[in-house]
Amino acid sequence: MDKEKEQKKKRGGIFGGFREFIYGMAAHDTARFALKTRGSMEHLFILVTMGDMLGIPILPPYYSLRLLPYVVPQIATWKRRMLREKDFTDTLA
Amino acid sequence: MNSIVVPVIGALVYIIGLRFYAFWVDRKVIGADGKRATPARMFADGVDFMPTSRNILFGYQFKSIAGAAPVLGPIIAIKWGWLPVFLWILLGTLFIGWVQDYTSAMVSVRNDGKTFGGISFTLISPRARTILLIFIYLYLLLIAAAFANTVATALAHAPRIPLAIVMLAVAGVVVGFLIYHGRVHLALVTVIGLILFYVALVINGHFSIVFGTPGTNRLVWLLFSLVFAFFGSILPIWIFVQPINYLSFYIILIGMIGAVLGIVIGRPVMQQPAFTSFTVGSLPLWPMLFVTVACGAISGWHGIVSSTGTSRQLENELDARPVAAGAMFLEMMLALIALVIVGVTTPGAQASWDQLFGSGLGNLFHFIGMPARWGEIYGPVMIVVLAITILHLVVRFMRIATNELLGKALPIVRLPVVGTTVAVFLAFVLAWTGTFNYIWVLFGSANQLMASLALLIGSVWLVSENKKAGFAIVPMIFMYLTTMAALVLTSKQLLYQAVSRTDLLGKPLTSAKIAGNWISGIIGLVLFGAAVVLAYDGVKALIGHARQSHGLEKG
Amino acid sequence: MNLREILAANPKMKYIMFGGKGGLGKTTFSAAAGYYLAKQGHRVLVFSVDPQASLSDIFQRDIFGKGAVEVMENLWAQEIDADKRIHEFQDEVRRRILERYGLERVPEEIESYISAAASEPAMEESAIFDAVVDIVFQGNYDYYVYDLVPLGHALYYLSMSSIYDQWINKVTELRAEMQRYTRVIQRMRSREESEEDEILGELQEIRQRINLASSIFTDREKTGFFFVMTPEEMTILDTLKAQELFTKFGVPVGGFVVNRVIPDSLLAESVPDYLKNRIRSQKEPLAKIEELFGKRIVARVQEFERDITGLEMIARVSEQLFQGG
């Protein structure tokens, strides 16, 4: 995957870099907000479906298991995020 | 002197600073390591941590740090003459500005992506976090008051732009709605939004919108700007704040391209005096110029952006330099362009800074074949747009900070409407009763002081890691002394006037102004006090860490 | 109306359930109803989720966990083995994870979750629920006769189905909202490719199944729900209580079946005294049943001289079940 990315970058060259720069200024913030929102919804989803992993049973386990295969990669990050200490300055910027 | 010299020298400093000095610090002092996993990679959770490519981040960082202040600072500071402003922008950026932005990013990167609150808690002292929070709240309040004031002043002076600003909000909502619910391509959405804005600007350009007496109806526009910010804080971010800021980017970009082309094609001569006097009004060049120029040379805001948004997105440690330091040098260029815009205006004209900027932009627009009048209208538009886009974000942050400070004791402030009302009300009181120049100086002081606190956090970390810290400690001390001096001086003048009930010329003050002087003066002192405690704890931690690593070496 | 008339008057009634406390004869009636309908030429499935698995006894064949077994022409019987189902299900989940991510083995954290989930009490209930939905969903039969486990469980299913439904609705909304954000991200990056949310698809399928299940439970036209009781004080009280609960959950009660009625005529014959005593002691409860349920009694079935096992006995019960009333 990384190699693919690398190649893409090379193909883009200076023009590609400039496009990314403009995108970074104009649109990255909005895209990132959408990503963040979707990401936290994903975590909410895991909480509601796999909550008993953290000791919060919400959904009947039968359906949790049915959905489990789709969220395997997100589970580790979700746990880490749930357990991480949050600070006020996190919310700035 | 020909104005083209300013950006040319700036470009030289840009290249030398980024290529050599920053490179040396990055590789030799910090030891950035491209193989080391960054927090964005280690903790990639798709929410707070997400690896992002260097070019995108460069754009993101630049956009986040380039608000109204780098443009306004040089314009307001031109009263000392353009040369000291020019020198401070160059030297400040080269020796202090990028150091702070870059170090803040690296401190966070090397501390698992923790932000200032968490870092100061572990590296300095538990109470440092609380004091930092209070400090940041007042800092945000000063930004809000300063920029609400900016919007109000500019709109009161420019009756040919309010319709466009109102339309910006409308277009923002339209664009937000189209992005989220429409099926139209982004390019088309953008064009629709911009057309709405520019059509309103052209229409308004043909007739004036005036409430009350032109020039003195600041109250109307002050309330307008705060209502704008109020909506920005309580409405979902995607329908108001973000699309407005998205459109604003293009509006500013278009103006900036015009200005740059004007400078390059017209190569006008700097008309303003190179130097006026060491004391202008009641404000001595040191420390006042250093805080007035604000973000163009160094700004605490940048450290916050670096250590929260950017540090959690860097996909490679080696990107920190081009992103964080690079964006600061680019911001320096922005400040220099602002300096040229105002530098090419005719001196002695009885105009306020917003009008100066407009006439400067008009001069430059003239060189690229556009009527100067367009620039005179577009200049204030840029100032208002830049200020208002920061203003509604800051009020949003204040709402969150209010919740953080009082949420436990007073649950009602957790309601967005309540938290926002508190923030907007405080900003209004300060902006309405305070004096713009003083508020600007207080804002600049808080801003630069925030920067020196960021440098303090950075220095403590460097020492605790047993790295060379001089490149951060020396600017930290300089900024600390400068801003503390500015705070004392400003608060002293403010409180003196409040007690004597007269201004510096001995004219009696209205009771609103007296109240404003009390409030601003006290805010200055509280900031001062908070900074003293933070510095005390910081230096203690610094010495502690130094002893520890010294002992380790010996042992 | 008796049971036969009810079925004739409601041609859409495909699901027949007998409920009541354990040991009252629900399984017997399920088998008898299945027998009757099969004899009429309909394809019928009688199924049970009761772990005590008495369908095997009645049909005198081991059908536990063997899927639908044809016990006579047009009549199939099935007993669900919840444990087995759970194990198969777990294996399926593991297989899907391995396949999806090309893994050699399931990550430890995930594996421990999968195994822990199986031991939760709610797991069995929900696995059974899903199995029932599965059977109904496939729609292979004209009639489904469902031998409910004792009342508490029946209500648990019912309440679960409405909670599941609400839950799935909420989660589906969440996923749909997430998809909107995905589109925004793509739009901001000027990439307009549509990416199916597999989870959304999965949820919609789950929801469809649950909706079907709960609609069956609560549809008066499709479902005949019959309480079984015996002429005893206690069961009458229980039945009253249960009826109230079912009404609360919106389950229409089709009628009541009285079981183990010992014919009065026996009093005149030479039978042991204890039997005579029992007949006498049934009098009062029977009167009470008539008073309370009256016309809603769809069948009165007598006590038989021996256990109901084998098709022959089932035929006898079915006769009473469908002719009486």
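This report walks through a helix pair, a chain contact and a sheet. The model is a predicted one, so let us take the parts in turn.

**A helix pair in chain B**

Start with helix H1 (residues 5-30) of chain B, which packs against helix H14 (residues 320-343) of chain B. Their axes lie 10 Å apart, at an angle of about 160°. Since angles over 145 degrees count as roughly antiparallel, H1(B) and H14(B) are therefore roughly antiparallel to each other. The crossing of the two, H1(B) and H14(B), is right-handed. On the H1(B) side, the residues that meet H14(B) include Tyr14(B), Leu18(B) and Phe23(B); among their counterparts in H14(B) are Phe329(B), Met333(B) and Leu336(B).

**Where chain A touches chain C**

Next, look at chain A, where 27 residues are in contact with 34 residues of chain C. Helix H2 (28-50) and helix H3 (61-83) of chain A each supply at least two residues of this side, and H3(A) gives the most, with twelve residues.

The table sets out the residue classes in the two contacts.

| Contact | Nonpolar | Polar | Charged |
|---|---|---|---|
| H1(B) with H14(B) | 14 residues | three residues | two residues |

**A sheet in chain C**

Finally, chain C holds an open sheet of eight strands with mixed pairing, in the order E3-E4-E2-E5-E1-E6-E7-E8. Strand E3 (69-72) and strand E8 (297-302) of chain C are the edge strands, each pairing on one side only. On average, neighbouring strands of this sheet are turned by 25° against each other, direction ignored. Strand E7 (residues 255-261) of chain C pairs with E8(C) in the parallel sense over four bridges, and Val257(C) stands opposite Ala299(C) in E8(C).

Methods. Residues numbered from 1 in each chain as written. Chains lettered and ligands numbered in written order. Predicted model: local features only at pLDDT ≥ 70, side-chain atom pairs only at ≥ 80, totals over all residues. Axes fitted to C-alpha atoms, helices over the stretch in contact; angles between N-to-C directions. Parallel < 35°, antiparallel > 145°, perpendicular 65-115°, else oblique. Left-handed = near helix turned anticlockwise from the far one by under 90°. Contact = placed C-beta atoms within 7 Å. Nonpolar A, V, L, I, M, F, W, Y, C, P; charged D, E, K, R; others polar. Pairing = 2+ DSSP bridges.
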